[in-house]
Amino acid sequence: VFLEFINPVVEWDNTSNEDIVFQAQVIVGTSDNPITNLHGIALDISHPAGIAEIGSITSVPTEDSPLGSPDDLLDVKYDLLTREIPRYDLAASRKATSGVDGFGAIFDLNFIVSGDIIGGLNEPITAFEIALERVRMVDAEGDSIAFSIGLPATISIVNSKLANTEDLEDETKVKLFPNPTSNVFELQAQDQDIEQLELFDS
């Protein structure tokens with residue numbers, strides 16, 4: 001069971017107070033290791049305090065969930081920010097008594113980071129860890145299913161004014177940020193296939 005962000009890095013230019021929306025999915029199983037006889041799942045999504053507001057995390061069952069279509073499911077969600085706890089709880093169960101086999105995304109999620117929060121960030125790149133916790137999956141008989149939980153996912157907001165993303169941008173539409181950096185960087189190439197990359201320590 002793991003959390004995967006569709007857009008884990010978002011660039012922000014410090015000129016507006018618009019919210020940033022990170023999109024993610026809760027995924028169970030893989031093609032090499034599918035889930036068998038799955039009937040229900042419950043989990044918590046924990047996030048750092050201060051990056052979300054009440055109602056800024058939303059979720060819906062995916063249309064092609066291995067558990068079944070949204071009409072075939074009972075789902076429950078609870079935003080614990082209403083109790084000042086930085087956590088979002090989710091659960092889904094099949095209406096039918098049978099279990100299912102398969103793998104894939106069960107929930108689509110949106111994490112909205114408000115422009116007011118972003119405006120207070122003064123670092124070139126700010127990273128947050130979002131983790132799945134207290135996961136439980138049960139089969140059609142109500143017994144627990146053994147599984148492993150993926151590592152926390154990281155989302156990053158890059159302040160392009162502070163990160164100096166323009167240094168490497170030209171007609172080839174290549175961006176490197178943050179720049180300078182000491183350990184981790186992201187390279188984006190628009191309409192380009194990068195065949196070779198050379199790194200130099202200044």
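**View 1. Strand β4 and its partner β10.** Strands β4 and β10 (residues 125-139) run antiparallel and are joined by seven bridges. To find your place in this pairing, look for Ser 46, whose bridge partner in β10 is Ala 131. Please keep in mind that this is a predicted model.

**View 2. The pairing of β4 with β7 and β8.** Strand β7 (residues 87-94) is antiparallel to β4, with seven bridges between them. Here Gly 40 makes a handy landmark: Ser 93 of β7 stands opposite Gly 40. Strand β8 (residues 100-102) also pairs with β4 in the antiparallel sense, over two bridges. In that pairing, Ile 35 faces Gly 102 of β8.

**View 3. How covered is strand β4?** How many of the twelve residues of β4 are buried? Nine of them are, and the strand, which spans residues 35-46, is mostly covered.

**View 4. A salt-bridge network around Arg 87.** Asp 44, Arg 87, Asp 89 and Arg 134 are linked in a network of salt bridges. Within this group, the side chains of Arg 87 and Asp 44 meet at 3.4 Å, N to O. This pair brings together distant parts of the chain, with Arg 87 in strand β7 and Asp 44 in strand β4, 43 residues apart. Arg 87 also forms a salt bridge with Asp 89, where the closest N and O atoms are 2.9 Å apart. Are these side chains sitting on buried or exposed residues? Arg 87 is buried, with a relative accessible area of 18%, and Asp 89 is buried as well, at 15%. Both values fall under the 20% cut-off, so both residues count as buried.

**View 5. A salt bridge between Asp 75 and Lys 77.** The model holds four salt bridges by count, and one of them joins the side chains of Asp 75 and Lys 77 (3.4 Å, N to O). Asp 75 is partly exposed, with a relative accessible area of 30%. Lys 77 is partly exposed too, at 36% relative accessibility.

View 6. Start with Asp 13, found in the loop between β2 (9-12) and β3 (20-28). Asp 13 counts as partly exposed because its relative accessibility is 33%.

Note on methods. Residues numbered from 1 in each chain as written. Predicted model: local features only at pLDDT ≥ 70, side-chain atom pairs only at ≥ 80, totals over all residues. Heavy atoms only, no water. Helix = DSSP H or I, 4+ residues; strand = E, 2+ residues; numbered from the N terminus. Buried < 20%, exposed > 50% of the residue type's maximum accessible area, 1.4 Å probe, protein only. Pairing = 2+ DSSP bridges.
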